[in-house]
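Subject: Structure handover

Hi,

Here is the structure I promised to pass on to you.

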Amino acid sequence: MKKLLLFVIIVLFSNSILAQGCSDAGICSIGHAFQADEKIFKNNIEVATIFGAGEADVKYFSPTISYTRRFSDKFSLSSKVTFSTADGSFGTRGSFGDAFLIGNYTFKEKNKKQWSALLGWKFPFTSSNKKINGYSLPLDYQSSLGTFDLFLGTNFKYRNWDFNGAIQIPVFNNNKNSYFKEFSGTDDFPSTNLFKRKSDVLTRATYSIKAKKFVFKPNVLFIYHLGEDSYETIFGKRESISGSDGLTINGNLISTYNFNKQNSLELSLATPFVVRTIRPDGLTRSAVLGLIYHYSF
């Protein structure tokens with residue numbers, strides 16, 4: 001198992017240099033809602049700081065805050081609010097992004113096997129059309145896609161393994177982005193005027209390694225974008241964005257240090273191994289570093 005952990009670390013760091021993208025619209029981050037390791041306390045607060053490197057040298061700083069309430073051993077409800085600042089050649093733009101509300105139901109454990117189910121929503125704070133000095137910005141500079149999304153998921157836990165799957169469906173589209181690459185002076189970002197995004201499906205495998213106060217969780221995520229996204233041309237015609245569908249494979253290593261039963265600090269490193277041909281949604285990341293503080297009471 002030590003060899004496995006060492007291999008994951010080496011792969012993560014080596015790929016962070018060469019990777020081309022890490023794209024998801026929130027589905028990757030809902031995995032925390034499946035976790036039910038600590039049942040002593042009913043409340044949990046998470047404060048996170050996330051740093052990311054995107055396309056065309058765009059850098060991201062994204063703080064989030066989450067609150068989870070455990071109503072019983074079976075049912076819990078989680079909420080999260082995100083904020084994102086993007087900095088690049090277009091300038092710097094920051095704003096609140098999305099709010100998440102996710103419910104999790106855990107079934108009774110049998111023979112060290114346990115199932116849980118998840119249902120949730122994502123609510124945007126913006127219509128994805130923030131500007132700098134009156135100029136339209138690509139989705140890489142937007143803090144939200146402007147869609148109201150539905151999450152459905154399930155998790156299977158067996159000993160130290162967790163296997164989960166989820167689907168993210170854009171139900172209502174309030175995206176009013178007005179960016180055209182033809183008028184921007186650069187080809188770094190595709191046109192995303194009145195952008196419409198397709199659904200994502202995720203599967204993830206996680207192995208937990210406990211060593212005194214440390215917990216290591218190497219995991220691999222497979223995200224499949226179910227269709228080609230589209231935008232509206234300057235002539236009012238809707239066109240599909242070729243190559244925007246397909247598979248993304250992300251590697252992630254989560255390391256947690258437990259100060260005590262109530263306080264812990266988590267470090268997360270993530271990078272993609274396989275990416276879609278084009279990622280017009282602006283969620284591309286070559287590497288992501290997250291620092292999360294957990295407090296239970």
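Below is what I found in it, going from the overall picture to single residues.

A few ground rules first. This is a predicted model, so local features need pLDDT of at least 70 and side-chain atom pairs count only at pLDDT 80 or more, while totals for chains, interfaces and linings use all residues. Residues are numbered from 1 along each chain as its sequence is written, and side-chain values use heavy atoms, with hydrogens and water left out.

Overall picture

The protein has 17 strands and one helix; these are DSSP runs numbered from the N terminus (helices H or I, at least four residues; strands E, at least two). Of its 297 residues, 47% are buried (under 20% relative accessible area, with exposed meaning over 50% and partly exposed in between; 1.4 Å probe, protein chains only). The accessible surface is about 14900 Å², and carbon and sulfur atoms account for 61% of that (Shrake-Rupley method, 1.4 Å probe; for residues, only the protein chains shown count as cover). If you take contacts (heavy atoms within 4.5 Å) between residues at least 6 apart in sequence, 63% of them join residues at least 24 apart.

Nonpolar cores

In soluble globular proteins, nonpolar side chains tend to be buried together. A nonpolar core here is a set of buried Ala, Val, Leu, Ile, Met, Phe, Trp, Tyr and Cys residues joined through side-chain atoms within 4.5 Å. The largest one has 10 residues: Ile-27, Cys-28, Phe-100, Ile-102, Leu-118, Phe-151, Ala-166, Leu-202, Leu-221 and Ile-223. Another core, of eight residues, lies apart from it and includes Val-58, Tyr-60, Ile-132 and Tyr-141.

Setting aside neighbours within four places in sequence, Leu-221 has contacts that include Cys-28, Leu-202, Thr-248 and Ile-249.

Cavities

There are two cavities of 30 Å³ or more. A cavity is a set of points on a 1 Å grid over the protein atoms alone where a 1.4 Å probe fits but cannot get out, and its lining residues have an atom within 4 Å of a point. The largest cavity holds about 40 Å³ of space, where volume is the space filled by probe spheres set on the points, which are joined across faces, edges and corners. Its lining consists of Ser-84, Thr-85, Ala-86, Arg-93, Gly-94, Ser-95, Lys-130, Tyr-141, Gln-142 and Ser-143. Strands E3 (75–88) and E4 (91–106) are the elements that give two or more residues to this lining.

Ser-78 sits in strand E3 and counts as buried because its relative accessibility is 15%. Leaving out residues up to four places away in sequence, Ser-78 touches Tyr-67, Thr-68, Phe-100, Leu-101 and Ile-102. Thr-192 is in the loop between strand E9 (161–173) and strand E10 (200–207), and is buried, with a relative accessible area of 0%.

Positive phi

Most residues other than glycine have a negative phi. Asn-111 is not a glycine, yet has a positive phi of about 55°; it lies in the loop between E4 and strand E5 (113–124) and is exposed at 70% relative accessible area. Lys-212 also has a positive phi of about 55°. Lys-212 is in the loop between strand E11 (209–211) and E12, and counts as exposed at 86% relative accessibility.

Best wishes

Notes
1 Å grid on protein atoms, 1.4 Å probe; cavity = no way out; pocket = protein on both sides within 12 Å on 5 of 7 lines; lining within 4 Å.
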